[in-house]
Amino acid sequence: MKVATIIVTYNGEQWIERCINSLIKSSKKTEIIVIDNGSKDNTLNIIKDKCPSVKLLEKKENLGFGAANNLGILYALNSNMDYVFLLNQDAWVHPDTIEVLISTSYKDKSFGILSPIHLNGKGTALDKNFSHHINSEDCPGLLSDFILNHNNLKDIYPIKFTNAAAWLVTRECLEIVGGFNPSFFHYGEDNNYVHRVHFHNLKVGIIPTVFINHDREYRDNNEYFNDINNYKRSIIEKTSNPNLPFSITKETKHLIFICLKSIFFKRKTFKISLQKLIFLTKLDNKTLALNLKKSKGKKAFLN
């Protein structure tokens, strides 16, 4: 089974050598493909000087996480890979992680995506974001088995969603579902991809016996999580989710109502709602329809 690991880098000099070295030490050998989104720090020099075996695709501008990953995915498919392993630049694998993911995937073809357990950077706890998704409703049985039945864990636990810091994706999944929707520049692209995976009746799963470390708990991402950016991502996510209906007209009427209601007494609410309304009116309905159509098609966003 041939596997390519795809890493998107952007100013990742503090992590990239450890990330790549963990792959080189992996018990399952993998071709390593790095797509650099116009790093301004020493990331490229580190890769070129210390990791000469890496296939490096340099971009002069930041394409966004999804679009850059698509370049690596397309390269891997054209190289006849059976799997792609998506790994964040600030994460690293344990020696047996990829090997166990692939061997487990081979036994059960119903899963399009498999993920290991995500630890924090120090390995002292679960990654905080990852831990939110392994509750009893979204990932039935995992926590109970870890506590009460640790010596007899299942091979795979189905999960509604886990973030794309470490995804093993099958070739079949990529050929059916396609790549990431580039409408999501940063954050939200993995949610949309999982929506499309479920639309095509494939599953997402957690392998409880293998791990990655994800070193992000001390970083401030507030610039990406203000009201307006969150709203933009949520609208793009809703309009490109093939599993749920969404009405632009209904959302527009709702925002107009909020603006009129708050214009005199809640100026902050009015200002934010007006910004949301302006964003909504600028959306191109033809583009939205095309994104939704592509989200259902073979090799969507990879051509």
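Is Phe-180 buried or exposed? Phe-180 is buried, because its relative accessible area is 1%, and buried means under 20%. The structure described here is a predicted model.

## Aromatic pairs

A search of the whole structure gives 5 aromatic pairs. One of them is formed by Phe-180 and Tyr-193, with 5.3 Å from centre to centre and 50° between the planes, and this pair is tilted. Phe-180 lies in the loop between helix H7 (171–177) and helix H8 (189–199), while Tyr-193 belongs to helix H8. The two residues are 13 residues apart, and the pair links distant parts of the chain. Tyr-193 is also buried, with a relative accessible area of 2%.

Tyr-231 and Phe-279 form an aromatic pair that is edge-to-face, with centres 6.3 Å apart and 80° between the planes. Tyr-231 is in helix H9 (residues 227–239) and Phe-279 is in helix H11 (residues 267–282), so this pair ties together parts that are 48 residues apart in sequence. Tyr-231 has a relative accessibility of 9% and therefore counts as buried. Phe-279 is buried as well, at a relative accessible area of 16%.

## A cluster and a charge over a ring

Phe-180 and Tyr-193 also belong to one aromatic cluster, together with Phe-65 and Trp-167.

Another ring, that of Trp-92, has a charged group over it. The group is the charged end of Arg-18, and it sits 3.9 Å from the centre of the ring.

Helix H4 covers residues 97–107. Its buried residues are Thr-97, Ile-98, Leu-101, Ile-102, Thr-104 and Ser-105. Why do they count as being on the same side of H4? They cover an arc of only 165° around the axis, which means that they lie on the same side of the helix. On the other side of H4, Tyr-106 and Lys-107 are exposed.

## Ile-235 in helix H9

Ile-235 is found in helix H9, the helix that also holds Tyr-231. Ile-235 counts as buried because its relative accessibility is 0%.

Which residues is Ile-235 in contact with, leaving aside its neighbours within four places in sequence? They are Phe-246, Glu-251, Phe-279, Leu-280 and Leu-283. Among them, Phe-279 is the residue that pairs with Tyr-231. Ile-256 is 21 residues from Ile-235 in sequence, and the C-alpha atoms of these two residues are 16 Å apart in space.

Key. Residues numbered from 1 in each chain as written. Predicted model: local features only at pLDDT ≥ 70, side-chain atom pairs only at ≥ 80, totals over all residues. Heavy atoms only, no water. Phe/Tyr/Trp six-rings, centres within 6.5 Å; stacked < 30°, edge-to-face > 60°. Helix = DSSP H or I, 4+ residues; strand = E, 2+ residues; numbered from the N terminus. Buried < 20%, exposed > 50% of the residue type's maximum accessible area, 1.4 Å probe, protein only. Lys NZ or Arg CZ within 6 Å of the ring centre and 35° of its normal. Arc of directions from axis to C-beta. Contact = heavy atoms within 4.5 Å.
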